[in-house]
Amino acid sequence: MSSLKGYPKFPDVTKEKLERELLPEVFQWAISNGLTIYPPDFKISEAQVAPITLFPTPLPRKAFEDAIDVQKSFNSLYAKISQNHNGWLEEESEKLAKSDPEFTGKLWEIYKRAKEHGISQDLALGVFRSDYLINDNDNQIKQVEFNTVSVSFAGLSTKVGQLHQYLNDSGRYSADGESFFNEEIPVSPSAELLAEGLTKAIQHFKPAASDKKPIVAFIVQEGERNVFDQSVLAFNLLSKHGIQSCRLTMQEIHLKTTLDKSTKRLYLNSTGKEIGLVYFRSGYAPNDFVTQQDWENRFTLEISYAIKAPNLLTQLSGTKKIQQLLTNKNILTKFLPDANSADALLQTFVRIYPLDSSELGEMGKKLAFTNPENFVLKPQREGGGNNIYKEDIPTFLKSIDEKDWPAYILMELINPRPTEENIVIRGEQTFQVPILSELGVFGTILFDNKTVHSNDYAGWLLRSKFSASNKGGVAAGFGCVDSVVLY
Ligand code: ADP
Ligand code: MG
């Protein structure tokens, strides 16, 4: 693979050099700088080094830049959809609620109740991440999914880039103490830019007491292990913008906050401070809602005057069904009329079929049985581990009632090129196996029913997974945080 034109070579690392020199250096840097995660069943005083790669992974510069270039158009597109432009998102969500009553349906119910009750805050913040694989044969970026809720790794992405840059600049990768990679190893600005995005929401928020600064409430999962990724944002909010924050679980809202019945302003009980922004790092999966009270708490947050990142409509705009519908140019251009922007986004899409009674749906149903090897089947769920690949698709579809098929989308498989030489570090174990890398680009956008107040690119992320070669390139198994070396 190193023979490919311009493809960066990897350092030759003996087992001895890896264990005696590089790993201690990696662990010391990671622990010193918070490139960490809690292990399962953790004590709060004991973190471990996050799963990472030893080297940055080579990425074609053109693909990297293309992904960054389209982010603001994606932000605009999803903001426009979330504004419920032409009532389209409500219409589609109503249908989707029927095919996924357990989760999408419940979010939809809460939204309808909130709307009936009256939604007091017009402003909404989108904190988005668009994920891509890079097609092997032409190096084009192809979108895997667009995330509109609880996007993670903006914090750790910056740190792993800093680690790789440090290892390179300090001469640790090489035998002669010089930097090994001469190509650029960029550091993702996501840890700073995401905090800036949250700050813009606070700056537009009008607090009840104009002399008191509102705070940000991070809504988090109980027992969250990826805390350090989140705390980087909290630290940056305070140190760079003077904004305080607190952490609350969905289960704690009715116990630790108070909603003023008449003004709908939301206050943190312990300090009396007003919450100006509710930033969700949970609430995207059924497990985040254990009891009816948790759903009530989500309702309280939705009707509160605090800005939500995201509100329920923005969250609903991120379903895989909406992603499928947007591959239709006629639908896409309703929300993104600018032809150049629309074309740029269309080029990042692979074919996605519904499995319903529409014309395209009938084609999808046929292809799922005649050519399953070209597809992945996805349900309306976030957070990994739900997809059905290739030959498993027909068996799976036959195992469920055909009336439930519309809850799934059938997506053409993207065929990324594995990287052979990188080394994955998990705990004290290292693995030199082929990996597949997924590039994510962050964006933030602040908007109300009519206007976009700010629209920004907010950094990037590379996540790599072991590539299960027996499945011909379908990603499976563990993920880790990676960075890029551009060629
Ligand atoms: P989730 O909401 O679970 O993150 P994704 O759509 O991101 O769902 O799919 C999970 C993983 O499945 C991706 O990270 C990627 O590795 C793989 N995957 C998804 N779609 C495709 C595709 N079209 N081609 C190849 N791999 C895919
Ligand atoms: Mg994903």
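Author: Let us begin with a cut-off: a residue counts as buried when its relative accessible area is under 20%, and as exposed when that value is over 50%, with partly exposed in between. Please note that this model is predicted.

Reader: Is Phe181 buried or exposed?

Author: The relative accessible area of Phe181 is 3%, so this residue is buried. For Phe180 the relative accessibility is 26%, and therefore Phe180 counts as partly exposed.

Reader: Which residues form one aromatic cluster with Phe180 and Phe181?

Author: That cluster also holds Phe10, Phe55 and Tyr173.

Reader: Over the face of which residue does Arg113 lie?

Author: Arg113 lies over the face of Phe299, at 4.0 Å from the ring centre.

Reader: Why is helix 6 described as largely enclosed by the rest of the structure?

Author: The reasoning rests on the burial cut-off: 12 of its 16 residues are buried, so helix 6 is largely enclosed. Among the buried residues are Leu156, Val160, Leu163 and Leu167. Helix 6 covers residues 154-169 and reaches 23 Å from its first C-alpha to its last, close to the expected 22 Å. After helix 6 comes Gly171, with a positive phi near 80°.

Note on methods
Residues are numbered from 1 along each chain as its sequence is written. Chains are lettered from A and ligands numbered from 1 in the order in which they are written. This is a predicted model: local features need pLDDT of at least 70, side-chain atom pairs count only at pLDDT 80 or more; totals for chains, interfaces and linings use all residues. Side-chain values use heavy atoms; hydrogens and water are left out. Helices (H or I, at least four residues) and strands (E, at least two) are DSSP runs, numbered from the N terminus. The expected span of a helix is 1.5 Å times one less than its number of residues. Buried means under 20% relative accessible area, exposed over 50%, partly exposed in between (1.4 Å probe, protein chains only). Rings of Phe, Tyr and Trp (its six-membered ring) pair if their centres lie within 6.5 Å; planes under 30 degrees apart count as stacked, over 60 as edge-to-face and the rest as tilted. A charge sits over a ring if NZ of Lys or CZ of Arg is within 6 Å of the ring centre and within 35 degrees of the ring normal.
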